[in-house]
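Subject: Structure handover and notes

Dear colleague,

I am passing on the structure below, together with some notes on what turned up when it was examined. Please look through it before reading on.

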Amino acid sequence: MGQVATEALGAKLVIERDVLQRIIGALASRGYRVIGPTVRDGAIVYDRVAALDDLPIGWTDRQDAGQYRLERRGDPALFGYAVGPHSWKRFLHPPVERLWQARREGDGFSVVENREVTEPLAFIGVRACELRAIVIQDRVFLGGQYLDRAYKIRRDRAFIVAVNCSQAGGTCFCVSMDAGPKVEFGFDLALTELIDEGRHLFLMEVGSAAGLDLIEDLPRRTATQDEIAAAERVVDQTRGQMGRYLDTDGLKELLQSNANHARWDEVAGRCLTCGNCTNVCPTCFCTTVEDTTDLSGSTAERVRRWDSCFTLDFSYIHGGNVRASARSRYRQWMTHKLAHWVDQFGSSGCVGCGRCITWCPVGIDITEEAAAIRGAPSLGAVDGGT
Ligand code: SF4
Ligand code: SF4
């Protein structure tokens with residue numbers, strides 16, 4: 001195995017399982033906070049990882065609408081699951097973030113912008129749909145007139161170790177959204193896990209200069225044609241396992257012309273307006289701000305928190321709430337995701353990860369809702385109020 005990174009970007013290499021431990025170590029020694037999948041509270045969540053033993057070795061997930069269970073696999077795969085309730089947005093766009101503080105100084109006050117900079121983040125196990133979701137959030141936070149400074153710092157310094165999915169979840173539909181299961185761009189290193197009798201390897205693709213630099217001292221070799229073909233088979237097999245399908249043909253126009261469809265009333269009869277779907281969605285980005293002062297009145301601060309279009313306060317404007325009903329709030333969420341997002345940001349806001357289906361407590365399924373409207377688009381003669 002070589003010791004000097006003479007490979008070019010796009011090189012396809014092979015590493016042994018234990019070299020992944022050295023990748024984690026190399027990232028930590030370069031000052032990264034290494035985040036990866038780990039088992040906690042009966043789910044695979046993202047948290048700090050230091051060793052391969054922290055990963056969900058030999059676990060997989062069974063998912064369906066409103067259902068999520070961990071099960072043992074018959075092999076020691078490190079990445080043999082789909083996606084859990086967490087997404088990387090909780091690190092790039094944290095649920096709570098202080099924006100600024102103000103301090104009383106004599107008769108006046110000074111404002112201190114939040115300059116808190118955490119260590120750079122390294123993400124292990126990022127899936128294709130999640131990479132697409134990060135690119136979508138990049139457009140939200142960095143693509144307009146105003147940049148989100150803290151997001152930009154975190155994003156610019158992030159190191160991404162992606163993983164091609166070897167098993168689709170029961171609620172996945174990334175193929176419909178052209179967002180997976182193969183990682184195509186936006187990674188520093190991309191892995192495909194290869195396990196069969198007697199071997200546990202990773203095919204590794206190098207996607208950036210930072211990735212090349214990181215592997216410089218690591219044992220590796222050029223992949224054989226057989227190994228490259230085996231990795232492609234893994235992705236092809238996953239592509240054939242999608243648990244859900246969403247017909248995106250003309251979907252934006254379909255939804256935008258059915259704002260009064262009777263289906264919105266039907267789904268409102270089931271929707272609890274809990275906002276779980278927006279919390280677990282890797283692209284939902286809406287926030288609120290809260291201002292607080294201490295009891296002495298000497299300091300004040302503004303904090304940004306994740307919010308949801310399912311809360312009443314979110315759409316409160318002077319005089320009342322413009323989306324008072326569950327019908328209008330579900331319609332707002334789904335049509336923004338699948339239709340108005342295209343007008344706003346140039347792509348769908350959905351990557352087909354399936355989280356909103358799995359983690360909806362009553363099992364509402366965005367693909368089923370869209371199909372119901374497509375199946376009977378002329379049912380729309382109901383009142384279109386809030
Ligand atoms: S669709 Fe499901 S997860 Fe979303 S607000 Fe309604 S009940 Fe909650
Ligand atoms: S809308 Fe649902 S399936 Fe689409 S990206 Fe969000 S959580 Fe995933």
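Predicted model: local features only at pLDDT ≥ 70, side-chain atom pairs only at ≥ 80, totals over all residues.

Residues are numbered from 1 along each chain as its sequence is written, chains are lettered from A and ligands numbered from 1 in the order in which they are written, and side-chain values use heavy atoms, with hydrogens and water left out.

To begin with the ligands, ligand 1 is surrounded by 13 residues, the closest being Cys-271, Leu-272, Cys-274, Cys-277 and Cys-360 (a residue is near a molecule if one of its heavy atoms lies within 4 Å of it). This shell consists of ten nonpolar and three polar residues, with no charged ones (Ala, Val, Leu, Ile, Met, Phe, Trp, Tyr, Cys and Pro count as nonpolar, Asp, Glu, Lys and Arg as charged, and the others, Gly among them, as polar). Around ligand 2 the shell includes Phe-173, Trp-333, Cys-350, Cys-353 and Cys-356, and the elements that give two or more residues to this shell are α10 (326-345) and α11 (355-358) (helices, H or I, have at least four residues and strands, E, at least two, both being DSSP runs numbered from the N terminus). By class, the shell of ligand 2 divides into eight nonpolar, two polar and two charged residues.

The space taken by ligand 1 is the largest cavity, where a molecule sits in a cavity or pocket if more than half of its atoms lie within 2 Å of its grid points. Cavities and pockets are found on a 1 Å grid over the protein atoms alone: a cavity is a set of points where a 1.4 Å probe fits but cannot get out, a pocket is an open set with protein on both sides within 12 Å along at least five of seven lines, and lining residues have an atom within 4 Å of a point. The largest cavity has a volume of about 130 Å³ (the space filled by probe spheres set on the points, which are joined across faces, edges and corners), and of its 16 lining residues Cys-271, Cys-277, Tyr-330, Cys-360 and Ile-364 lie nearest its centre.

Turning to the pockets, the largest holds about 490 Å³ of space, and among its 22 lining residues Glu-97, Arg-98, Asn-114, Ala-150 and Arg-154 are the closest to its centre. The helix α4 gives the most to this lining, with five residues, and the lining as a whole has eleven charged, nine nonpolar and two polar residues.

As for the cysteines, the whole structure has zero disulfides (pairs of cysteine sulfur atoms within 2.5 Å). The sulfur of Cys-165 is 6.3 Å from the closest cysteine sulfur, in Cys-129, and is therefore too far for a bond. Cys-165 is also buried, with a relative accessible area of 13% (buried means under 20%, exposed over 50% and partly exposed in between, with a 1.4 Å probe and protein chains only).

Finally, a cis peptide bond with omega of about 5° joins Gly-180 and Pro-181, and Pro-181 lies in the loop between β9 (159-163) and β10. Asp-178 is in the loop between β9 and β10, and its phi is near 55°, a positive value in a residue other than glycine.

With best wishes
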